[in-house]
Amino acid sequence: MPLTCIDAVLLSDPRVTAVPVADCGEPLVVAPVPLLRPTHTPGALVRAGVARRLAGAAAALPPGVHLVLAEGWRSPAAQAEIVTRYRATVRAGHADADDHEVERLTSRYVSPVAVAPHVAGAAVDVTLVDDAGRELDLGCPLDATPEESEGRCFTDAPVPPTARVLRTALAEAMAGAGFVNYPTEWWHWSHGDRYWALTTSQRAAVYGPVAA
């Protein structure tokens, strides 16, 4: 799959920014599923409604497959740091791209801070483990960039059959619980943010940025 093209709305799209936010005021709470990286405590926080949906998704998975959380809420500063770092990678690899194209390509992997689902406590990065807690292979490592994964991070990218079965199981559980996927990252799912509102034809997002 080409790394520069994807037939989907990206988080840098002005239509995402244009979605209004009517924050419902739900607090950040500890996610009800285990952490993939237990020492990453801040990433365990999500909005209360997201937590309820995560529990539902975890319960919907087939036997022998379990949901784990890599990251939930992310501070604006942490988001900005990731944007800066990956933007430099994109710029180095696309010397002829103008600023608009660099921002578009950057948003395949990390959202602009103002609309970032993680900053709103609305997004989760998740994967699957077996009964022994061993991380399962879903076609490429979680958090791999398009360049590192040669495009296999895209949800619908060609991957081995066993990985496709696992991606389908994850997608069915997460979508069934009310999440939407960001199609350049098989692991990224959100509910209540601007991207969710746009893709599900809601009038407004119910979760806006959370500073701390």
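View 1. The side chain of Thr184 comes to 2.3 Å from the backbone oxygen of Arg108. Thr184 sits in the loop between strand 5 (180–181) and strand 6 (188–190); strands here are DSSP runs of E with at least two residues, and helices are runs of H or I with at least four, numbered from the N terminus. Because its relative accessibility is 0%, Thr184 counts as buried (under 20% relative accessible area, 1.4 Å probe, protein chains only). This is a predicted model, in which local features need pLDDT of at least 70 and side-chain atom pairs count only at pLDDT 80 or more. Residues are numbered from 1 along each chain, and side-chain values use heavy atoms, without hydrogens and water.

**View 2. Arg194, a buried residue with no salt bridge.** Look for Arg194 in helix 7 (residues 194–199). A polar atom of the Arg194 side chain does lie 2.9 Å from the backbone oxygen of Val19.

**View 3. The largest nonpolar core.** This core has 41 residues, and Leu54, Leu67, Val124, Val126, Leu170 and Met174 touch the most other members. A nonpolar core is a set of buried Ala, Val, Leu, Ile, Met, Phe, Trp, Tyr and Cys residues joined through side-chain atoms within 4.5 Å. Helix 2 (48–60) and strand 4 (123–129) are among the elements that each supply at least two residues. A second, separate core of eleven residues includes Val115 and Trp196.

Terms used
Buried means under 20% relative accessible area, exposed over 50%, partly exposed in between (1.4 Å probe, protein chains only). Lys and Arg count as positive and Asp and Glu as negative; His and the chain ends are not counted. A salt bridge is a side-chain nitrogen of Lys or Arg within 4 Å of a carboxyl oxygen of Asp or Glu. A polar contact is a pair of N or O atoms within 3.5 Å; within protein, one must be able to donate a hydrogen and the other to accept it, and residues adjacent in sequence count only if both atoms are side-chain atoms.
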